[in-house]
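Here is a short briefing on one structure.

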Amino acid sequence: MNNGKFQSIEELKKRIETAKQKRETDTTPVLTVSAGTCGQARGSMEVIDALEKQIKESKLEGKVKIKVTGCHGFCEAEPNIILKPQDLFYQHVQPQDAEDIINMTISQEKVVDRLLYKEPASGEVKKKENDISFYEKQKRIVMGDNALIDPTDIEDYLSIGGYFALTKIFNGMNPENIIEEVIKSGLRGRGGAGFPTGKKWEFARRSSGDIKYIICNADEGDPGAYMDRSLMEGNPHRVLEGMIIGAYAIGASEGYIYIRDEYPLALKHIMRAIEEAEALGLLGDNIMGSGFDFKVRISKGAGAFVCGEETALMASIEGKIGEPRQRPPFPAVKGLWKRPTNINNVETWGNIPIIINKGADWFAGIGTKGSKGTKVFSLVGKINNTGLVEVPMGISLREVIFDVGGGIPGGKEFKAVQTGGPSGGCIPKEKLDLPIDYESLAEAGSIMGSGGMIVMDENTCMVDVAKYFLNFLRDESCGKCLSCREGTQRLWEIVTDITEGRGKKEDIELLEQLAVAVKDASMCGLGQTAANPVLSTLKYFKDEYYEHIVKKKCPALVCKEIVSAPCQYICPVDQEASVYIALIAQGKFEEAFKIIRKDNPLPSVCGRVCDHKCESVCKSGEIGEPIAIRALKRFVMDWAAEKKLNGQPPKTEKRKNVKVAVVGSGPAGLAAAHKLNLLGYDVTIFESQPVAGGMLSVGIPEHRLPKSVLNADIDYILNAGVTLKTNMALGKDFTLDDLLNEKFKAIFIAIGAHKSLGMNIPGENAESVFPAMKFLTQVNLGKHVDLGEKVGIIGGGNAAIDAARVAIRNKNTKKVTILYRRTQKEMPAYEEEVESAIEEGVDIQFLTAPTEVLTDNGKVKGVTCIRMKLGDMDESGRRRPVPIEGSEYTIEIDTLITAIGERPDTSFVQEKDNIRLTKWDTIQTDEETYLTDRTGVFAGGDVVTGPSSVVKALGAGKEAALCIDRFLQGVNPAKEYTLNRPSVYIEPVELTEEEIDTAHRPQMPRLAVEERKFNFKEVEKGLTEEMAVREARRCLRCELETEDGKKAIGREK
Amino acid sequence: MITIILNNLEVQVEEGWSVLEACKFYGLEIPTLCYNEGLSPYGGCRLCLVEIGKPPNTKLASSCTYPCEEGLIVRTDTKRVINARNMMIELMLSIAPNSKTVQDLASKFGVKQLRFTVRNEECLLCGLCVRMCREQMDGKAIGFQNRGHNKKISTPFDIRSEVCRLCGGCIYICPACQLRCHGPNPDTAVCNACLQMDPTCVDVYDQAQCWMYDAGRCGTCVREDDNKKNNQEQGLRPDEAKS
């Protein structure tokens, strides 16, 4: 050796051998700390300090080593430590864990359980790195070495056989052999376009020129992609080794690494690697006596996305504006400074040493026919295991997302995956089994790109995603081509209009035409792919665009200008929840009452039994607990009832003297009747039961909804001028033709869904088996039902829980058991109802299904049940219950109530009525008009949708009334869609620091379990004034976030 | 000389010619905006697009920057070219509706709609002025700034340039600065007047009803729409005609 430089290949070989031996013989335990940029951001440097301190304190110096390495790929578990040689994997290590790691794991060889990794899906605890499912399906030939070496020490790289490929190429392989080997390996460019690397080299080799260049493209700019950074941080010599091989093959004497200045750690490591390699004579003149000269320079980029395009990149190195130019001439002919140039991406260079070391055949054995080897993806977004994953080509998207990535967090549903960065496309769930290779991704309308993989769940709006990427691209387009500069800008403008509720129907066509033009007319790769976000979302999610444009709806509740306040947005009756909450916060209860009254025909009812979708979408719920919106409404209604504000009948429009019939007095019927009456029509309601209210009066028991409260709401509607005829059943007491003969100009059928479904098991027709609806109706009408001592109830919906809570209030009944085939998580009944039932002593047996009703002399004496377990996921992502064979058992009961679902009783429909029924016995209506096949006859509520919520039925009634009004005026009866906005904007209240710290959702005061026994007193007592005001002040007031909202309270930008 | 295939014909061209030069030589009309014979080609306006390659593996490229190569297959009037080119013209209209050059292009190539919000920026960033200044006037007083939608042409640091000699070359060559001629449509819409150069007004209108007569302008460029044609065929007078 001369000046410390290798003079021959033999010297390098020897040095590698010694380093390898040293590594193999050294058995000192090594704590490998992941300290790439992401690890450092999560505090790995502090962990290293703490570990060093602890080693000193425990006097273990020399007995354990700390190795600071680059990224291990598992970002989710950062900072993580792998203890070698045991391969023990610790995640989320904090400085305070250092003591346990050193004193327990190192000194006593005990595992610190709390630091072990837990599988998100199964909850299984994994000790070793390679047992973790995240690593199991990976094939980490490029990134795997990151965890083995200190990137700032060339010695470490040599000790894993680094630079061994150089001994091969300088010893017998001529450049043509190398190129042949690379061609044979089938390696394709990892930067995105996937051009065969060997072919590219061949072009550059054949080009004539005095000087040739090679370039390493490390201008990684895709949002969410960081594999190149990670490789340069964790294994910079691998990249250099690849470049030396490439330079030798092409005949290049100079190399450039074009790296973003935003990557300081990668820059530091690669610069140090160059210095080290130069010091050992692996770079420089006459490398190891071979006569081959090669130098590497660093060129720092300023972060323009377009500079990742090769011609723009070269312009940037030359000191010119980073703008692409026309190819041909290709860089292989005229590149950097007009000399033949070969440019490859970091990951491509990183693959070269492996191909030389292990041979082209080995490499070509991995992957698919057209795409060989592995690809590193940065798996980010809505995914459990965020991280860099290296998988063999040809693996399916499903395997990457669900097996390696561990699925979607929070049990949400997968919606789409965006591959290839901003120029890529979104791939929907139908294409999850797509094998990952260049061709199939392109076919699906996306690209491999540099390997960004952004996973999106059901809460992602695809139009918003397109907008996000277009915004990125309109900023990052170089602006030379009109098509790209102006095209991306206009695409963004149109998509922005759509997301803000200003979309027009023609926009879709224009988007498609413009996107194709941008793709076709642009010069470089950026422009040619810039329309992909639009084209792929339009291809797979056109419905969502239509929802935004036509219905002014954003199904994922993302687009702020469309959604405004989510509580109001989701409410079928358009209740301005955020407005009345704001008024409650200011103590203006009467105004709040008026706001509630304005839109809701049955507000006191809704304040008690609404399924409050508003609360499940409440923004406060995303960061803590949702606002108790239903309880606040009830508070206002109770306050108003006390102040006797409810008695005033509303003003109606001038009478039109047109008669409309409403069949059914449930929520849908009442809402329609009320609205039509307000519009000036003469409305008559026909009700088959002796009392009005439909399901509200006969289905919901007194302890949840007192009859006095219900009747107050109904009386309000009737007092305004609606006629009610009870004991009038359609099909029995009158027919549709009768109504039309009596000069009713329109009929609204809203008879609900009251018929309980059978179970289709032996013995279900025995005496003392009651369908739940029949049972509840009898009880609600004050009739006696003979219940036994042991009541069994089958089902998991609200009817089942209601029946159980009614049964347990019966003096004779000693035990009530609910049998449900899934688990509590899947129960459709309201959570608080289930809890109350359990509180009151109802026994719920989950994962149990009845197989036979046992009878004795026609009377029930028990049920045979079978245990269930949750099987595979079905299409909806829920796990299907499957019976466990041989697990049958019997429960003793004397009364059985079946509550497995209801259907409408549409037996009144005759052929001549010209009304179409679906196979679920519901009435077929037109979605946009509520019209049945018969002119003038409308239908809505449960009779159309099947059993649903009270508020949905109210919404249907209200909407149908407007359709009927338009129909009677002789105009198109279809629904009109408008942007969701409150009628008034209320100034927000300011919270004190103390209030913010202590803000929480109030507990609804309830009767004690003792007080509920054997009576039907209302269980929930309602919020106190203080509780209500305090809760209302907690509201985030989402409606003020829209431009209209900001303007209204004078806070626009 | 090398051979290229131009619209299915084998033709001989000089080596070193661009595709645009070859097309011009053979009399094929290709619209340009950012191209000028006296300046280096830029390839920014994307009007001179041609379809290159053997179907189905073809691509569009700007002919002004694409060099002729032996055996190159070029087609100049495919549907794909026309669609992309018309969209470029529509985009230009939306930025600079007051430019005569752009309005003329729209009329000439039958672009009749403008579906984007008009911005009226009067600069198409074609870079003619930048190249004029640098290459013909040896000035280098102006250049591009920023990128993407923020791109603009200005002097360094947006202050008066010391090398600018106020020669006016930049204004002389600018395609967006020449005002359009007055037509029947508003200034910010598509003009299309040249599309119908038949003096329809003489037949259809008399002096009292001609809007141009009131405006004091030449009336040859009234748009003749189908309605009027029908009315004419039915022999209706303008006052009887249904609009």
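In which sense do strand S7 and strand S8 of chain A pair, and over how many bridges? Strand S7 (residues 213–218) and strand S8 (residues 254–260) of chain A pair in the parallel sense, over 6 bridges. The model is predicted.

**Sheet in chain A**
- S7(A) and S8(A) belong to an open sheet of 4 strands, in the order S9-S8-S7-S10.
- The pairing in this sheet is parallel.
- Strand S9 (295–301) and strand S10 (341–345) of chain A are the edge strands, and each pairs on one side only.
- On average, neighbouring strands of the sheet are turned by 20° against each other, direction ignored.
- Strands of a sheet pair through backbone hydrogen bonds, in either a parallel or an antiparallel way.

**Helix on the sheet**
- Helix H14 (residues 346–358) of chain A packs on this sheet.
- H14(A) touches S7 and S10 of chain A.
- The direction of H14(A) makes about 95° with that of S10(A).

**Contact between chains A and B**
- Chain A gives 27 residues to the contact, and chain B gives 30 residues.
- On the side of chain A that touches chain B, helix H18 (462–476), helix H19 (482–499) and helix H20 (507–521) each supply at least two residues.
- H19(A) provides the largest share of that side, 8 residues.
- By type, the residues on the side of chain A that touches chain B are 11 nonpolar, 7 polar and 9 charged.

How values were computed: Residues are numbered from 1 along each chain as its sequence is written. Chains are lettered from A and ligands numbered from 1 in the order in which they are written. This is a predicted model: local features need pLDDT of at least 70, side-chain atom pairs count only at pLDDT 80 or more; totals for chains, interfaces and linings use all residues. Two residues are in contact if their C-beta atoms, placed from the backbone, lie within 7 Å. Ala, Val, Leu, Ile, Met, Phe, Trp, Tyr, Cys and Pro count as nonpolar, Asp, Glu, Lys and Arg as charged, and the others, Gly among them, as polar. Two strands pair if DSSP finds at least two bridges between them. Axes are lines fitted to C-alpha atoms, for helices over the stretch in contact, and angles run from 0 to 180 degrees between N-to-C directions.
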